[in-house]
Amino acid sequence: PFIYYGNIKIGSIVTGTVLSVESFGVRVSISEHIRGLVPSLHLADIRLKHPERKFTEGKKIRCRVLEVNPKCHKLLLTHKKSLLKSSLPPLCSKEDAFEGGVYHGTIVSVRHYGCVVAFYGDVKGLIHKTELSFHVIDDPVSCFRVGQVVQCRLISTSHGKLRFSLRELSKASAEGNEEVSDESPIGTLLETRPSGVSSEKGLTVDVLPAGKTTAFIPLHHFSDHLDHCRHLFAALSKSLGGGENGEKPPSLKGVVIHRDQTYLKTVSLKPSLMTPDAVDQAKLEFDDLKVGLAMVGWIHQIMSYGAFLQFSSGLVGLAPIKYLADRFVASPNDVCRTGQSFYSKVMEVDKVKRRFLVSLRLSDLNEKPRLKMLSGVDLLQSFLREKRTIDQHLSQQDKRSPQSVLSLEIGSVVQGRVAEKSNMGLFLKLDDCSFKCFVPPGQYSDETKLKAVVSGVVLDHDAMKNMIYVSLKDYLVESK
């Protein structure tokens with residue numbers, strides 16, 4: 001039972017008794033000493049012409065708390081069914097908001113420039129008319145109404161002002177593509193092929209075998225190795241025009257991780273999300289979360305106080321700065337990057353606010369391993385496989401010199417002049433070559449001098465850095 005107004009949390013569900021129906025709303029009794037108001041705008045999902053017929057004195061009704069002010073004994077409630085049944089986390093304060101988050105809100109004003117949407121507490125935001133639909137809406141008043149509940153995505157928190165979008169959540173319905181509406185739930189493994197549409201944010205793919213539906217692969221979901229993502233994206237984008245013999249782009253195996261973004265299905269190519277345990281976890285809902293549960297996800301947003309992890313189920317949890325590593329972390333940017341894959345462990349679950357905290361610390365993950373992770377061998381194999389693809393793409397792309405990085409076989413002998421020398425190693429200048437030639441410490445004599453002409457053996461090459469690694473060890477050079 002609620003004793004005073006301070007006991008009631010914003011966003012929580014309460015049951016009250018109708019006291020009276022007024023012109024401005026319905027007065028409700030929550031307990032002996034607590035009274036609340038359901039404004040006319042929040043009596044139902046539609047405008048009621050005769051609310052007295054539905055809300056009779058003494059009737060029990062369920063409501064969700066919109067706003068509480070203990071000092072003024074003010075309690076505002078909503079009886080909208082869409083808000084009562086919403087499984088999305090209530091946006092109760094600007095501190096809870098994170099870019100990319102999806103929330104239910106109520107339109108409180110429709111202007112020529114867009115719609116003002118109210119959430120919980122005193123949180124409000126703007127949906128500019130350019131974000132209302134994929135189609136041009138010149139007059140929002142003709143398409144939206146005050147009191148309408150909308151599901152929107154937060155796209156900006158700049159200068160403390162919240163900006164939302166409906167475009168990403170409306171494309172599927174705008175296209176009217178019924179074939180994909182009930183297919184490929186989250187966690188489904190798919191075979192896809194690049195369809196010919198790419199942008200700086202990612203790549204559109206056709207879902208095989210029919211190829212009648214499309215999905216989207218975000219840029220940072222091309223690999224668990226974040227440095228590979230942009231290069232793999234570039235390689236696949238180049239294949240859209242077909243090869244020299246007109247062959248089709250390669251097929252890609254991925255997993256459905258979301259269904260409400262720019263395209264109906266969002267697919268990830270991250271191997272860590274395609275393990276059996278990870279696929280099973282894609283079906284998790286908030287009520288399934290328990291302290292100690294291990295999950296795999298990726299960094300969705302980095303803040304000064306921690307990092308938000310998103311999971312393929314659509315859930316988003318916060319990893320506070322103290323849970324980011326087993327050592328002291330001055331800034332979250334020191335240990336993680338947006339899009340980076342992480343294994344995590346649930347540390348706290350707040351059922352009321354529908355929020356949860358996770359830890360990325362290895363010491364926490366080692367306590368009770370409940371998730372089958374990718375082995376080091378699996379990660380290494382995927383790294384090398386991706387590196388070969390990138391190397392081949394970059395070697396074909398490099399037309400600046402007669403020789404590309406990959407034209408020099410590992411084990412071949414090169415000759416060059418020492419251009420730089422430091423404690424980190426040597427850099428050689430090779431004739432007629434635009435790429436860098438690096439000699440790591442321990443692979444040359446301390447007596448090697450600047451501008452000296454030397455011979456070395458190629459140890460490795462890195463097409464992404466446009467660099468080869470060389471050893472000047474005499475016994476290696478002489479063996480050739």
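This text walks through the predicted model from its overall make-up to single residues. Local features need pLDDT of at least 70 and side-chain atom pairs count only at pLDDT 80 or more, while totals for chains, interfaces and linings use all residues. Residues are numbered from 1 along each chain as its sequence is written, and side-chain values use heavy atoms, with hydrogens and water left out.

Start with the whole chain. It has 8 helices and 25 strands. These are DSSP runs, numbered from the N terminus: helices are H or I with at least four residues, strands are E with at least two. Of the 480 residues, 48% are buried. Buried means under 20% relative accessible area, exposed means over 50%, and partly exposed lies in between (1.4 Å probe, protein chains only). The chain exposes about 25,300 Å², and carbon and sulfur atoms supply 51% of that area. The areas come from the Shrake-Rupley method with a 1.4 Å probe; for residues, only the protein chains shown count as cover. Contacts here mean heavy atoms within 4.5 Å. Among contacts with a separation of 6 or more, 60% link residues 24 or more positions apart.

The largest nonpolar core has 29 residues. Such a core is a set of buried Ala, Val, Leu, Ile, Met, Phe, Trp, Tyr and Cys residues joined through side-chain atoms within 4.5 Å. Leu91, Phe119, Ile127, Phe144 and Phe164 have the most contacts inside it. Strand 6 (102-111), strand 7 (114-118) and strand 9 (149-156) each give two or more residues to this core. Take Phe144 as a guide. Leaving aside neighbours within four places in sequence, Phe144 is in contact with Ile107, Val110, Cys115, Leu132, Ile137 and Leu166. Another core, of 22 residues, lies apart from this one; Ile186, Phe222, Cys229 and Leu236 are among its members.

Now look at strand 12 (residues 202-207). Of its 6 residues, 5 are buried, so the strand is largely enclosed by the rest of the structure. Strand 12 runs antiparallel to strand 13 (residues 214-218), and 5 bridges join them. Two strands pair if DSSP finds at least two bridges between them. Val205 has Ala215 in strand 13 as its bridge partner.

Strand 24 (residues 453-462) and strand 25 (residues 467-471) run antiparallel, joined by 5 bridges. Val457 stands opposite Ser471 in strand 25.

Loops hold buried residues too. His42 sits in the loop between strand 3 (35-39) and helix 1 (51-54). His42 is buried, at 8% relative accessible area. Beyond neighbours within four places in sequence, His42 is in contact with Leu66, Leu77, Thr78, His79, Lys80, Leu83 and Thr106.

Turn to charge pairs. The whole structure contains 6 salt bridges. A salt bridge is a side-chain nitrogen of Lys or Arg within 4 Å of a carboxyl oxygen of Asp or Glu. One of them joins Glu67 and Lys74 (3.8 Å, N to O). Glu67 is partly exposed at 23% relative accessibility, and Lys74 is partly exposed at 35%. Another joins Arg354 and Asp287 (3.8 Å, N to O). Arg354 lies in the loop between strand 19 (341-350) and strand 20 (355-359), and Asp287 in the loop between helix 5 (276-281) and strand 16 (294-303), so the pair ties together parts that are 67 residues apart in sequence. Arg354 is partly exposed at 23%, whereas Asp287 is exposed at 54%. Asp364 and Arg361 also meet in a salt bridge (2.7 Å, N to O). Asp364 is buried, with a relative accessible area of 6%.

Finally, the backbone. Most residues other than glycine have a negative phi. His159 has a positive phi of about 60° although it is not a glycine. His159 lies in the loop between strand 9 and strand 10 (163-165), and is exposed at 78% relative accessibility. Lys451, also not a glycine, has a positive phi of about 70°. Lys451 is in the loop between strand 23 (436-439) and strand 24, and is exposed at 63%.
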